[in-house]
Protein chains: 2
Amino acid sequence: MLSKVEAPDSILVDCLQYSRPSRDRFLEWRAGKVDAVHVTLAVWEGARETLSVIGEWHDLFAENADLIAPARTAQEVREIAASGRTAVIFGFQNTTPFEDDIRMVRVFYELGVRIVQLTYNTQNSIATGCLEDRDAGLSQHVGRQFVREMNEVGMLIDLSHCSEQTCLDTIEHSRDPVALTHANPLEFVGSDVELNRRAKSTTVLRELAARGGVVGLSPYVRMLRHGIDTTESEFVDMVAWTAEQVGVEHVAFGTDFYTGYGIDAVKWWRMGRWGRESPIPIDESAPVVEWPTWFESPRSFPTLIEAMQEAGFTEADLQLILGGNWLRLFEHVFAPSR
Amino acid sequence: MLSKVEAPDSILVDCLQYSRPSRDRFLEWRAGKVDAVHVTLAVWEGARETLSVIGEWHDLFAENADLIAPARTAQEVREIAASGRTAVIFGFQNTTPFEDDIRMVRVFYELGVRIVQLTYNTQNSIATGCLEDRDAGLSQHVGRQFVREMNEVGMLIDLSHCSEQTCLDTIEHSRDPVALTHANPLEFVGSDVELNRRAKSTTVLRELAARGGVVGLSPYVRMLRHGIDTTESEFVDMVAWTAEQVGVEHVAFGTDFYTGYGIDAVKWWRMGRWGRESPIPIDESAPVVEWPTWFESPRSFPTLIEAMQEAGFTEADLQLILGGNWLRLFEHVFAPSR
């Protein structure tokens, strides 16, 4: 296991979790030696609702100051990690909080939001999501102007739930490198996986990497080659395979870990308030989510890292994959008006 | 000129105007013998802003009860017309007031909104607008569910500023006939007109008519064959040409008349709050809008109708074009949960 004492520069960043926040989760982060987590504030929420979510997080920061603190820069991530706590980076999985007001990019940046996904599964004014059969990509007018604004302000663009064409367009139009905070390679996991439309083509991964972007790989079973039966070793193979395809400087973690929700949350994620029918059928009798035995929670990070060491990842590679790649990207993107 | 006394069933409906509302406009309607006007409450406004616009209209109804009254049904249009006043039908030129909440369709229906355009020029979660080079049409998930909801609730779908594919998809997916409240035929006006992307293909017009829809033709000079130099006779020719293509039961008026605005309004229409650059360049030195000498305002309707009579339109055809077609459509669509 990586030791913080031996390798002080090694930082572990999980670039997406969406659990219901609570002290139990923050204790889990500390137990797993997780230095930074990108958390989701909004998926369908509008501006006003998102302000309340930010307010709730500030209560949590006050009540759990021994475990967590908010980070707005790569440097703050390092400082919070050095203090033995977990840095929390605010993000949205949709642009709904902007409510089609381009100046809200800056307003939410001022409030600490640093990572924003253009759309969540379906089409919106800015982009096309991964569940649409017709793929218009990044929209020509609203979409391109928002990408430019996010670049100017210093917000990292996330394409995880976006369509193939949205990924390719945004990689091309964005001045700055972009992220797939939580997505697996389609070529590796195979199109038989349940969420095959969420997995990313090798073309997208290569273009993303060529422009300096980073992909966060996930142990979310619906996006793993053998679902719940996927072994830790297969997951480690996926990390190695992806690094071979796009370079180790562009591969990292974004577990998509979530827990603490009931069926109502699943319905909210699937169709917000816009639907009377879910685009993905919801099985109300099934568990909300299942995690593999080797990643039941972020507590499992140390054993996962051991498995990667045993599989032959060098310390240098591990430093990049565990957090170095995300920190480099944050350092570059989060600085506004360069 | 059509006389109300001779033809009591003849009702004149202008199925889109977007002037800044004031008593002067309502006097203009009366001078032009306009029995009903579909007015625009929202183009980029959200739910809350639209509630205020509705409140302002209720003040106007109270202050101008001698000239106007709100209509929620075809029957109310007829009753208000019979009382010598102009019926006001509420509409949106965009789905932004719904804020991606499908239940807002019913809420705004309860508030009297009867006609809603799916999108205004650009892409949104529901549909693709006429200014997008990539045309994904009606969106597969959000768009189709909203169309179904609008059908169920009794709201007339307007496609005037939508893309070709959105028109075709919506005509196909909508249980009820739909409207182009204000659009001209591309084949007649020619692709050299300034707003050629707003004009509609003969394919769309024929499909619309085949499913019982109606198109409202407009004397808006940026969508007329010879711009500001277009003659009244050419406009009348366009009405006749369209009736020949799709049948006189599917042709009507939607003038798009507007006045009373400055450059700030033009900027709002072009890019709401979503843009820092307009997708259509704005010439700040040009007049906000110009109308042809033969349609300087709705006061010109009687002379326009005379010109149509001289051009050989029968009284039966005129009754359909002036209002009968719109009233038939309203009668059919505005009844919820049939």
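Helices here are DSSP runs of H or I with at least four residues, strands are runs of E with at least two, and both are numbered from the N terminus. Packing rests on contact, which holds if the C-beta atoms of two residues, placed from the backbone, lie within 7 Å. This is a predicted model, in which local features need pLDDT of at least 70, side-chain atom pairs count only at pLDDT 80 or more, and totals for chains, interfaces and linings use all residues. Residues are numbered from 1 along each chain as its sequence is written, and chains are lettered from A and ligands numbered from 1 in the order in which they are written.

Which residues of helix α1 (residues 23–31) of chain B are buried? They are B:Arg25, B:Phe26, B:Glu28 and B:Trp29. These four cover an arc of only 155 degrees around the axis, so they sit on the same side of α1(B). The arc is that of the directions from the helix axis to the C-beta atoms. Buried means that 20 or more other C-beta atoms lie within 10 Å of the residue's own; with 12 or fewer it is exposed, in between partly exposed, and C-beta atoms are placed from the backbone. After α1(B) comes B:Lys33, with a positive phi near 55 degrees.

Now β4(B). Because 7 of its 7 residues are buried, β4(B) is largely enclosed by the rest of the structure. B:Thr86, B:Val88, B:Phe90 and B:Phe92 point one way, while B:Ala87, B:Ile89 and B:Gly91 point the other way. β4(B) pairs with β2(B) in the parallel sense over 6 bridges; strands pair if DSSP finds at least two bridges between them. In that strand, B:Val88 stands opposite B:Val37. β3(B) also runs parallel to β4(B), joined by 3 bridges, and B:Ile68 has B:Thr86 of β4(B) as its bridge partner.

Next, two loop residues. Most residues other than glycine have a negative phi. B:Asp100, in the loop between β4 and α4 (104–110) of chain B, has a positive phi of about 55 degrees. B:Asp100 counts as buried because it has 23 C-beta neighbours inside 10 Å. B:Asp256 lies in the loop between β9 (251–253) and α10 (263–271) of chain B, and its phi is positive too, near 65 degrees. It has 26 C-beta neighbours inside 10 Å, so it also counts as buried.

Finally, the two chains together. How many residues does each chain give to the contact? Chain A gives 29 residues and chain B gives 29 residues. Chain A can be laid on chain B with an RMSD of 0.0 Å by a turn of 180 degrees and a shift of 0.0 Å along the axis, with copies superposed by least squares on the C-alpha atoms of residues with pLDDT of at least 70 in both. The two copies are therefore related as by a two-fold rotation axis. In chain A, the C-alpha nearest that axis belongs to A:Asn124, 2.4 Å away. The same surface serves both copies, since 100% of the contact residues of chain A recur in chain B.
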